[in-house]
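Hi everyone, thanks for coming. Let me walk you through a structure, and please stop me whenever you like.

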Amino acid sequence: MIHIKDIVERPSRADIEALSKFSPATIHEAQGRKGALSSRLKPVDYRMKLCGPAFTVRCAPRDNIMLQLAINYAKPGDIIVVSAGEYEEAGSFGDVLANACLAKGIGGLVTDTGVRDTLQLKELGFPVFSLSVCIKGTVKETIAAVNDPIIVGGEIINPGDIIVGDADGLVVVRRAEAQEAARLSQTREDAEAGYIEAYKQGKSVIEVSKLESVLKTKGLVVDI
C-alpha cells in the first residue's frame, strides 16, 4: 500500500518572497555554486518564472496518474516537482491540467519528462519547466509516492525545499537555508552593482576583478 503524504513542512511566506527577488543564477552562485538543476530543464516560455515550496511526486514514464493526484493535493503556491525517469517521449501535462493548477492557485510545474499544448500554456501564463515538448499521450496506471525526496535534474528535491526558476534555469534551496541564501544573494547583487558602476566610471575588467596578480602568477605576458 502506498500512502500519499499530504503534510509538507513549507517555508514561510517571508522566506519565499525574499528569494523571489533573485535570479536562480544569483542564488546558485551565492549559496556556493550548488543547487542548480540540469540545464536541460527549461521553461515553455522565457517569460515564465516561479518560486515556491516543492510538492514532490514520482511518476512512471509515460504515465501521469500520480501527477494528477499531486495537483489534487497540492496547496496554493506549491511548485509541483515531478520525477518521471527523464523520459522525453511523453506529453504528460498540457492546457487542461494547467487550468486545473490555475484554479487551485498552484505556483508552477517542474518535470523531467515532456509536456504539450505549449501555445496554450504560454497564453495561460502558468509556469511550466520541462525536459521536452512532446505530443505523445500518457496512460494512468502506476501508483507511486507523493512527497518523498526525489531526484530531478541531478538534484535531490525534498518536499518543502524552495524551487526558483526563470528563463535561464532552476535552482533548489533547502528550506532551512532559505534566509541565509537570500542574505548571500543580496550581498552578491550589491557587489555586482558596484562592479557595473566601476565599469561606467572607466575602470577595466582587470582592475574591477582584481586579476592583475592572478594573471602574473599564471605567467601571462601581454605583448602590446
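Let's begin at one spot in a sheet: Thr 56 stands opposite Val 81 in strand S3. Before going on, a word on the model: it is predicted, so to speak of local features we need pLDDT of at least 70, and side-chain atom pairs count only at pLDDT 80 or more, while totals for chains, interfaces and linings use all residues. Residues are numbered from 1 along each chain as its sequence is written, and side-chain values use heavy atoms, with hydrogens and water left out.

Helices (H or I, at least four residues) and strands (E, at least two) are DSSP runs, numbered from the N terminus. S2 and S3 pair in the parallel sense over five bridges; two strands pair if DSSP finds at least two bridges between them. How many of the residues of S3 are buried? Five of five, over residues 79-83. By buried I mean under 20% relative accessible area, with exposed over 50% and partly exposed in between (1.4 Å probe, protein chains only). Ile 79, Val 81 and Ser 83 point one way from S3, and Ile 80 and Val 82 point the other way.

Now to the helices. In H1, which spans 13-20, the buried residues are Asp 15, Ile 16 and Leu 19. Viewed down the axis of H1, these fall within an arc of 100 degrees, so they line one face of the helix; the arc is that of the directions from the helix axis to the C-beta atoms. Arg 13 and Ala 14 are exposed on the other side of H1. What covers the buried residues of H1? The cover includes helix H2 (24-30), S2, strands S8 (162-166) and S9 (169-173), and helix H6 (178-200), where contact means heavy atoms within 4.5 Å.

Helix H4, residues 95-104, buries Leu 97, Ala 98 and Cys 101. Down the axis of H4, its buried residues fall within an arc of 105 degrees, so they too line one face. They pack against helix H3 (65-73) and helix H5 (118-124), whereas Val 96 and Ala 103 are exposed on the face turned away. After H4 comes Gly 105, with a positive phi near 80 degrees.

On a 1 Å grid over the protein atoms alone, a cavity is a set of points where a 1.4 Å probe fits but cannot get out; a pocket is an open set with protein on both sides within 12 Å along at least five of seven lines, and lining residues have an atom within 4 Å of a point. The largest pocket holds about 190 Å³ of space. H1 and S2 (50-58) each supply at least two residues of its lining. Among the lining residues are Arg 10, Arg 13, Ile 16, Glu 17 and Asp 78.

The structure holds one cavity of 30 Å³ or more, and the volume of the largest cavity is about 40 Å³. Its lining includes Cys 59, Leu 67, Val 82 and Arg 62.

Arg 62 sits in the loop between S2 and H3, and its phi is near 60 degrees, a positive value in a residue other than glycine. Is Arg 62 exposed or partly exposed? At 37% relative accessibility, Arg 62 counts as partly exposed.

Happy to take questions!

Methods:
Points joined across faces, edges and corners; volume = space filled by probe spheres on them.
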